[in-house]
Amino acid sequence: MARQESRRLAPDGRSRAVAQDTLRLTRAVAVTAELVRRVHRYAWPSAVGHRNRAYLRDRLVALPLLAVVAFGALGWAYAGVRGDSAYIRERAAPALVDLADARASLLIAQGEAERNLAEGRAAELSGLSERYRTRIARATQSLNQVTRSGALTVAEEQELRVVSALVVDYTGWIGRAQGHATDPVLRDAELTYARSMLCSQPVAATGRNPYPACPAATGSAATSIVDRVTGLEGRLRARLASRAAWGAGTITAAVIAVLALALLAAGLWRTVSFLRRRFRIRLSIPLAAAALPLLAVPFLTVDALLALDAQHGTVPVADALAEKTSPRTETAAEESPFAGPEPQAIETLRARIDEGLADGRLAFLDGIAPFVFPAGLGVAAVIAGTLHAYRREYLVVARPGAVA
């Protein structure tokens with residue numbers, strides 16, 4: 001019986017819920033319409049049919065508010081774009097270059113060690129080649145530079161310290177193999193262990209490619225030096241691509257800035273026209289001075305677009321640093337320095353990033369980003385003070401008996 005009554009009451013409950021939802025929607029529409037009407041009144045009032053005092057009061061509220069919103073949104077978006085460019089140029093890109101250089105140098109050193117130790121007693125007496133020692137020192141220096149770059153998180157810095165410790169251990173095993181150069185069994189065992197520390201899946205050297213790269217493992221098997229360096233490169237590349245992309249916050253701020261700046265410019269023009277027509281003021285010097293910062297907006301816009309385009313251009317170059325560079329390319333570029341730049345050499349890719357980011361900005365605007373919002377506050381203060389003075393003067397003149 002109770003179930004039948006609840007079934008009969010269910011349609012009434014649904015109707016009541018629909019009525020409540022309709023009432024909420026109606027209230028929301030009414031509130032939105034009133035908000036739009038008030039914003040339109042303050043942002044775009046008409047001088048026709050309005051008293052001078054009311055019009056100046058509306059302008060006194062609307063124009064400073066528009067200036068603060070416009071320059072605040074513009075400053076936030078512009079500082080974000082400039083900050084992303086600085087992060088890529090000063091931190092992410094150098095760190096990626098150093099990681100690629102460390103990876104290639106270690107693989108070249110491995111190839112040199114294998115070739116030298118194959119000579120047996122000669123390697124024990126004369127030691128390993130100059131290229132081996134240079135590449136090991138270069139890899140160590142590159143890893144230290146990545147640590148100091150500031151591009152890594154705390155966890156990634158800890159991972160890089162582990163890599164540096166593994167490199168020290170790796171060179172120790174190469175030294176042991178050198179000490180047993182005349183004993184093929186011990187030498188090969190120690191060299192094999194050193195190679196396993198460097199690569200999870202080593203590739204045998206050939207006559208055409210004495211410095212082979214090794215594929216990086218993933219997951220729980222990624223414990224070798226190359227695996228860890230490749231993982232750091234992947235996370236850093238993802239962060240660089242995220243910084244180079246158009247963010248939702250930047251797009252929103254840019255849209256708000258464009259709308260507010262358009263309304264501010266139009267409002268200033270209409271206010272100057274109003275003062276000329278009603279107050280016989282041909283040109284308001286303070287309002288003209290307040291409009292001067294608007295002349296910098298096109299330059300800031302062009303600079304931001306150039307920076308964004310340069311940031312997008314660094315993404316494929318960063319991918320090439322991690323995927324296209326190889327020990328064979330590095331040794332070819334090292335052995336033939338006057339043969340022309342190798343397109344996939346680390347130094348060539350580094351130069352491409354530096355040149356692209358350098359060309360992706362207007363140099364004379366360096367350091368101006370922190371002053372965009374304070375400039376907006378200054379514009380708002382000048383407008384407010386000027387219109388307040390005009391309104392106060394009008395009230396004094398309009399008071400009965402003041403003219404006499």
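So, which residues of α4 are buried? Arg-131, Tyr-132, Arg-135, Ile-136, Ala-139, Ser-142, Leu-143, Val-146 and Ser-149 are, where buried means under 20% relative accessible area, exposed over 50% and partly exposed in between, with a 1.4 Å probe and protein chains only. Seen down the axis of α4, these buried residues fall within an arc of 150°, so they line one face of the helix; the arc is that of the directions from the helix axis to the C-beta atoms.

Quick housekeeping. This is a predicted model, in which local features need pLDDT of at least 70, side-chain atom pairs count only at pLDDT 80 or more, and totals for chains, interfaces and linings use all residues. Residues are numbered from 1 along each chain as its sequence is written, and side-chain values use heavy atoms, with hydrogens and water left out. Helices are DSSP runs (H or I, at least four residues), as are strands (E, at least two), numbered from the N terminus.

Back to α4. The buried residues of this helix pack against α2 (52-117), α5 (154-179) and α11 (327-335). Just after α4 comes Gly-150, with a positive phi of about 80°.

Now, how do α2 and α11 meet? Their axes come within 9 Å and cross at roughly 85°, which makes α2 roughly perpendicular to α11. Axes here are lines fitted to C-alpha atoms, for helices over the stretch in contact, and angles run from 0 to 180 degrees between N-to-C directions; under 35 degrees counts as roughly parallel, over 145 as roughly antiparallel, 65 to 115 as roughly perpendicular and the rest as oblique. On the α2 side, the contact (heavy atoms within 4.5 Å) is made by Ala-104, Leu-107 and Ile-108, and on the α11 side by Pro-327, Glu-330 and Thr-331.

Next, the inside. The largest nonpolar core has 53 residues, and Leu-99, Leu-160, Tyr-170, Ile-174, Leu-198, Ile-225 and Leu-321 touch the most other members. By nonpolar core I mean a set of buried Ala, Val, Leu, Ile, Met, Phe, Trp, Tyr and Cys residues joined through side-chain atoms within 4.5 Å. α2 gives the most to this core, with 16 residues. Apart from it lies another core, of 37 residues, among them Leu-63 and Val-272.

Last stop: Trp-246, in the loop between α7 and α8. Trp-246 is partly exposed, with a relative accessible area of 44%. Leaving aside neighbours within four places in sequence, Trp-246 is in contact with Ile-251, Leu-305, Leu-308 and His-312. Trp-246 and Leu-308 are 62 residues apart in sequence but 8.0 Å apart in space, C-alpha to C-alpha.
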